[in-house]
Structures are given as C-alpha cells and as structure tokens.
Amino acid sequence: MRTWLRVFFVGGVIAFRGLFNWIRPAMYIPTMLGSPLFQLIFFTKLGQYAQAESRDFYIVGNSVQVCSMACVYGMTMAISNERQMQTLGPLLASPANRAAVFLGRGVPVLANGLLVSTFTFVVGWLLLGFRPGAAAVPPLVVIVLITVASCTCFGMVLGSVGLRAKDVFFAANLAYFLMLLFCGVNIPLNVLPGWMSAVGRCLPLTHGIAAAREVAAGASFRDVDGLVATEAFIGAVYATVGFVLFRFFENASRRNAVLDAY
Amino acid sequence: MTTVPLAGPPNRAGIVWSGFVMNMKMLGTSGFFLLTSVVQPVIFATIAFYMFQSGGRSGTLLYTALGAGMMGVWSTTLFASGGMIQWQRWQGTLELGVAAPPPMALVYLPFSLENAVTGAYALAATLVWGRIVFGVPLELAHPWLFTLALVATVVALGLMGLVLASTFVLYRYANAMANLLEYPVWIASGLIFSTAILPVWTRPISWVLPPYWGVLALRRAALGGDVWGPLGMVILLGAASLAISTVTFRVFEHLARDRATLSLT
C-alpha cells in the first residue's frame, strides 16, 4: 500500500514536473494566468455588449471553465508526453501499479486547475465587481473542486488517446474550444439547439457551472447537490473510460510493437 | 582555374515568392493551423451568434461574422508569427535563415505575410458558416472597397506579425506570449464588440493596432460608411510595422548573436 501511495503521489508530482510543458514561470504566467484573465474580460464584455446575461453569469462560467486549460492540456501532457519524450517504454516496463501511475498524474493537474480557477474568480472580484455572499464561498469551493476533478478525468481520456494518436494536441485544443460552446459557459443551455445541450450535459463542467451559478446567486449547497452529484458521476465515468483506454492502448502497443512509434 | 562569380544583389521578389509558397505548403499541412484558421473562428462565431441572438442587441449578425473572422485572422497571424521563429529554432534552421545574405526581415517577411493570408481563411469560414447556419445576410454595401480593405488589412496584420516575430528572436518563450496576446488584441481592437464599452484609457492602445482600423474598414465597406479613413490608417500602420520590424530584426539579431542565444531553446 505504501508503494502504491508513493507511486501515486511522488510519481504524479515527478511526472507533472517533467512532462507539463508550461511549468516554467515564463510559460506558466502568460499561458495559465494571463490567458484566462483576458478570456474572462473578453466574454464578460461581449455579454455586456450583446445585452445577453448578467455579468456574474459570465464571471462564474468562465472562472470555472478556465480550469479545463489546466486539466485538459495538463492531463494530456502528463500522459501522452511520455511517448513524446521516449520514456513510455521504461515506464510501462516497470512493475508499478498502473492505476497508481495513471491516477496519480491527476493530482498535480487537479491542484493546478484549482489554482487557475481561483485566480480567475479573484480577478473577477477585483476587476469586474463579482461579489458572492460570504456564505456562498465554502459551497463554491466544493463545487469548483468537484468540477475540476471531473475535468481532470476528461483530460485522462484525451491523454490515453495520446498513447496512440498522432496529434493529440489537436484533439485537446478542439476539446477546449468545444467546451466553451457546449457546456453553458457563455450561452445558457436552453438557448442552444437540443442536440447541443444534450452533448453539453454529457461533458464535464456543464453541471458544475450550473451549480456554481446558483450558489453564487444565493442558493444553498443542498439546493444544487443533484447537479454536483451528476458532475461527480460524469467525472467518474470519464476516469474509468480513461483508465480502460490507457490499458487497452498499452496492451495494443506492446502487441504491435509500436509503443514509442508515431 | 575556374573563378566563382560573386553573388549579385538578392532577388527580393524571388525571396518573397519562394518564402511565401514554402510557408503556404507548411501551414497547409498543419492540423494546428486548420484548427486556428478554420475551426476555432467558427466555434467563436457560433458562441457570439448565440450570445447576440439571446441578447437584446439587434441587427448585428454580419457585424459579428466579420468580427469573428477577424479574430481568426489575428489568431493565425499571432501563433504563426510566434511559431515561425520558435519552430525554426527547434528544427535548427534559424541560424541558416540568420546567416543567409539577405536581411533577416526580408527572409521572414514572406512567412509573415503568408501567415496572415492563411488567417484570411478564417474570415471566409465564418462568413460561409454564418450564411449557412445562421442566415447572415451577405449583401455588401461596397464590394470593391471591401476587397481592398480585406487585402490591406491582411497585409497590415502580416506586417504587425513581423514586428512580433522579431521580438521572438530574443524571447525564447514566444508561444507563451502568443497565448497571452490573443484575447487582449481581440478586446482592444473591438473585433466583436465596440471599444466604447472599454475604459477610456484603452483608446490609444486601440488606435495603434492595425486590426482596430481593419475591422472598422471592413464593417463600413460591408454595412456602409466612410471606408477611406480607416483604410488609410491600416495602410499607415502597416507601413509603420514594416519600418519598425526592419529595425527590430536588425537590432535583435545583433543582440542574439552577441549573447550567443539565437538557438537556445
């Protein structure tokens, strides 16, 4: 059990430090903090100009959604960069428990996602006048934590696909932008066509963002526990799919001798 | 004994043409630029269309389509301008470009222009998408002026990209700067919403950005209004960008050689 935990925590942190491309401050600050900040301002101003929803609608939606920059790209890098760096072979030749190897990589990614979302909420408070009541903050923290975890699980699926796909970052970029469109970040789900809102309901973020908006508007955690549970369930499904894909691609790559090949 | 003739002055038109064609082939096979110049603008245009549809502002569909298209032009120019120096650095070909006899600005000018031309796909993609999916009316008030404004804007953005590219000779994290600069220029240029809703202190920033005048010229050519004023500013700022990039390429190239940091990744 100690070995499992060591691989889970220490291995996860080492993998993140080695494989996350944007870890240096010169990369991290513009990409992980600067870009979300301006995304928040852009959509809040666009919403104001379009006279669509309230300012808080965009602040909450974008502050939660920006975690996907950390989670989708971070998790994709944390898994599929092993192949890019030619270290996938030695990793999979080791006897380490695969679940610990796989899931442990999500912990630093999750922490990073939380940091990015928190930063964006603080910017919304400082620059755009976002003022949720003090009572709303604890449930908001729990909701953001679960949503970030769910989004990290989605990133695990993309990362696993990166064990075989030629250009997984195309998929990661596409996923990031599609989440902006489908997950109710800037457009209420009832405005989208039925099929788009149905797709959105199967993605991470959607229920978390809806719950966060209600809590920021004064609802209690109990009022939104169904949404939070759905978000957690969606995350668990993606984590399972990600792990199954990871094992499938590992075995298929060994069988076909294409582990590090492109 | 044979004598080797000294090379004559560089064939500038030939350099521009061959660089343009080569970059067109490289970007044409890049999935990332397919995403940046076609898919991403369409997604952003869709978001904007739904936001305007659900909002109270009317008569803005063509306004939105043009803005979303220009967002794609800027994104492609930005990422490609940052990338062209960085990728050459990673591939080990940056030194060859710097050591070539023509000035560095001339070597990278056609790359930057082609980046902006690829970005123009974004405008076409969003207009077609808007027409098919959202029924955006495509009747242009001044079709010829629209074409002229489009060409001038694309060239000016390419030249603005050249200034950015020159700074990336010194700065090793060009892609981080590209990630950072996408939204601010969308905001300050008023590509999809009016800069009138921004604080007054941001106005001078808008005025020095070619996309600000470019989208203004395109909108007036499409919806009606004086095109020549903003078009003149686009041309002026494009020329200023070319002049600045000629100097900055020379200075930054010298500094990078002096510090021996040209190829450091």
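**Nonpolar patch, chain A**

I started with the surface of this predicted model. I found a nonpolar patch of about 590 Å² there, made by A:Met1, A:Leu5, A:Phe9, A:Val10, A:Ile14 and A:Val107. Which helix gives the most to the patch? I looked it up: helix α1 of chain A, residues 2–19, with four residues. A:Phe9 is a patch member, and I placed A:Phe9 in helix α1 of chain A.

**α1 against α7, chain A**

Next I checked how α1(A) sits against α7(A). Their axes are 7 Å apart and the packing angle is about 65°. On the α1(A) side I noted A:Phe8, A:Gly12, A:Val13 and A:Phe16; on the α7(A) side, A:Val107, A:Pro108, A:Val109 and A:Asn112. Sorting this contact by class gave me six nonpolar residues, two polar and no charged. I had already met A:Val107 as part of the nonpolar patch.

**Salt bridges**

I counted six salt bridges over all chains. The one I wrote down joins A:Arg105 to A:Glu82, with the closest N and O atoms 2.7 Å apart. A:Glu82 is in helix α4 of chain A (residues 67–84) and A:Arg105 is in the loop between α6 (98–104) and α7 (106–127), so the pair ties together parts that are 23 residues apart in sequence. As background, side chains of opposite charge can pair when their charged atoms come close.

Who meets whom? From α9(A) I listed A:Phe170, A:Asn173, A:Leu174, A:Phe177, A:Leu178, A:Leu180 and A:Leu181. Their partners in α2(B) include B:Phe32, B:Leu35, B:Val39, B:Gln40, B:Ile43 and B:Phe44. How do the residues of this contact divide into nonpolar, polar and charged? I got twelve nonpolar, four polar and no charged.

How values were computed. Residues numbered from 1 in each chain as written. Chains lettered and ligands numbered in written order. Predicted model: local features only at pLDDT ≥ 70, side-chain atom pairs only at ≥ 80, totals over all residues. Heavy atoms only, no water. Contact = heavy atoms within 4.5 Å. Helix = DSSP H or I, 4+ residues; strand = E, 2+ residues; numbered from the N terminus. Nonpolar A, V, L, I, M, F, W, Y, C, P; charged D, E, K, R; others polar. Patch = residues over 30% accessible without salt bridge, like charges linked within 9 Å, V, L, I, M, F, W, Y side chains within 5 Å. Areas by Shrake-Rupley, 256 points an atom, 1.4 Å probe, with all protein chains shown as cover. Salt bridge = Lys/Arg side-chain N within 4 Å of Asp/Glu carboxyl O. Axes fitted to C-alpha atoms, helices over the stretch in contact; angles between N-to-C directions.
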